[in-house]
Amino acid sequence: MNDPTVKGWCPGAYRPMMSGDGLIIRVRPRSGRLSAAQTLGLCDIARTHANGLIDLTNRANLQLRGVDEGKHQAVLDALLALDLLDETPEIEARRNIIVAPLRQADSLSERLADALTSRLGDLPPLPAKFGFAIDADGARQLENAPADIRIEAAPCGLIVRADGSPLGQAVTPDTAIDAVLTLARWFQTSKTNDIRRMAPHLAATPLPHCFACETTGARARALTPGKIKAGQIYGASFGSLPAADLAGLVEKSNATAMIVTPFRQFLLLDAQPTTTPFITQSDDARLNIDACTGAPACPAASIATRDVANAIAPHLSGQTLHVSGCAKGCARPRPADVVLVGNDGAFDLVQNGHPWDVPTLCGLTLEQAVKEIGPR
Ligand code: SF4
């Protein structure tokens with residue numbers, strides 16, 4: 001097993017990342033939205049040039065894996081034809097923006113996302129994973145999505161908030177983007193070289209005094225699969241979408257667009273009920289299980305994480321499970337009730353924690369791990 005390497009950057013379409021099974025190419029749909037035609041086109045790319053699967057990422061992007069290096073240009077050409085490619089690699093790298101998935105069309109969140117996108121060139125140089133969440137229409141939907149600067153609805157009105165602080169700066173729709181840029185510049189000039197994210201920076205550095213607005217506004221109910229007024233929300237085991245299944249669902253349901261969420265779920269707008277292998281019930285046990293790509297695709301892994309997760313699933317009784325190929329824990333930033341971490345082909349067990357926490361038991365076989373978790 002190789003050591004897990006913290007890359008410190010996210011792959012894009014222009015700048016893919018090499019993995020054990022070929023290139024990883026990440027597609028960043030604008031505001032997390034694809035038309036039905038774009039969705040079908042991306043499914044086609046996944047089947048033609050990649051491994052046939054499309055991954056949902058925790059930043060509401062879509063990821064292709066297993067792309068041969070020689071096919072990278074063909075993928076770029078196809079993404080350009082679908083209008084799913086940014087103008088330049090620099091803009092793509094900076095456009096780390098998550099938008100509240102259940103906003104209405106032409107909502108304030110969408111307008112602010114467009115405004116921020118048009119000002120990306122005004123941002124200072126920021127660490128590669130630095131990102132933005134726009135959650136400006138009522139109850140907050142993105143509290144558990146990764147971001148460093150957030151625009152949110154709050155009791156005092158619209159605010160800009162630094163991740164890691166409970167206080168925000170009151171803004172209007174017209175001043176919000178300027179406030180975001182000012183906060184980004186403050187971060188860049190006040191941080192030390194080893195700091196890459198806002199929350200750890202705030203642990204040692206107080207915010208400017210203008211951040212004084214309470215942010216105890218309402219939180220939206222956690223997103224779950226099911227029918228909603230705008231269409232149908234679907235879940236995906238491990239956040240993995242077989243492209244053939246997705247294309248079939250879009251066509252059969254007559255969906256008009258797809259909204260990608262950071263929660264391993266996606267919304268098909270105007271979708272009509274139809275049969276599908278995706279998760280459609282909010283109590284489906286698969287929603288409680290996270291597993292990273294694992295072996296053989298990831299060179300840091302020594303276990304086939306998703307096979308292991310499927311084998312353990314029947315033995316769970318309501319616990320959350322995270323199966324991680326190594327201690328890096330790519331699949332789930334939050335703690336889980338049960339965590340199994342691959343270690344030279346065996347399993348380390350962490351209870352109520354993260355893969356990088358100290359395990360309570362080490363070197364277990366799969367059978368031993370199942371016994372520890374307990375039969376249902
Ligand atoms: S957590 Fe999984 S996907 Fe991430 S580096 Fe480790 S083995 Fe690879």
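Before the details, a word on how to read the values. The model is predicted, so local features are taken at pLDDT of at least 70 and side-chain atom pairs count only at pLDDT 80 or more, while totals for chains, interfaces and linings use all residues. Residues are numbered from 1 along each chain as its sequence is written, and side-chain values use heavy atoms, with hydrogens and water left out.

Let me start with the sheet. There is an open sheet of six strands, in the order β6-β7-β8-β9-β10-β11, and its pairing is mixed; strands here are DSSP runs of E with at least two residues, helices are runs of H or I with at least four residues, and both are numbered from the N terminus. Two strands are said to pair if DSSP finds at least two bridges between them. The edges of this sheet are β6 and β11, each of which pairs on one side only.

On one side, β7 runs parallel to β6 (residues 97-99), with three bridges between them, and I97 has F132 as its bridge partner in β7. Between these two strands the chain passes through helix α4, residues 108-118, and this β-α-β crossover is left-handed; the rule is that, with the strands pointing away from the viewer, a path running clockwise from the first strand over the helix to the second would be right-handed. β7 also runs parallel to β8 (residues 149-154), joined by four bridges, and there F132 has I149 as its partner.

F132 brings me to the aromatic rings. The structure holds four aromatic pairs, counted when rings of Phe, Tyr and Trp (its six-membered ring) have centres within 6.5 Å, with planes under 30 degrees apart called stacked, over 60 edge-to-face and the rest tilted. One of them is F130 with F132, an edge-to-face pair at 5.8 Å centre to centre and 70° between the planes. Another is F130 with F187, which is tilted, at 4.7 Å centre to centre and 40° between the planes. Because F130 lies in the loop between α4 and β7, and F187 in helix α5 (residues 176-190), this second pair ties together parts that are 57 residues apart in sequence. Both F130 and F187 are buried, and ring pairs link F130, F132 and F187 into a cluster.

Now to the cysteines. How many disulfides are there? The count comes to one, taking a disulfide as a pair of cysteine sulfur atoms within 2.5 Å. It is formed by C156 and C213, whose sulfur atoms are 1.5 Å apart in this model. C156 sits in the loop between β8 and β9 (157-162) and C213 in strand β11 (residues 213-214), so this pair, too, ties together parts 57 residues apart in sequence. C156 is partly exposed, at a relative accessible area of 39%, whereas C213 is buried, at 9%. C210, by contrast, is in no disulfide, and the nearest cysteine sulfur, that of C213, is 11 Å away; C210 counts as partly exposed at 41% relative accessibility. C362 is likewise in no disulfide, with the nearest cysteine sulfur, that of C326, 15 Å away, and C362 counts as exposed at 52% relative accessibility.

Finally, the ligand. Which residues surround the ligand? They are C292, C298, A300, A301, S324, G325, C326, K328, G329 and C330, where a residue is near if one of its heavy atoms lies within 4 Å. By class, this shell has six nonpolar, three polar and one charged residues; Ala, Val, Leu, Ile, Met, Phe, Trp, Tyr, Cys and Pro count as nonpolar, Asp, Glu, Lys and Arg as charged, and the others, Gly among them, as polar.

How values were computed: Buried means under 20% relative accessible area, exposed over 50%, partly exposed in between (1.4 Å probe, protein chains only).
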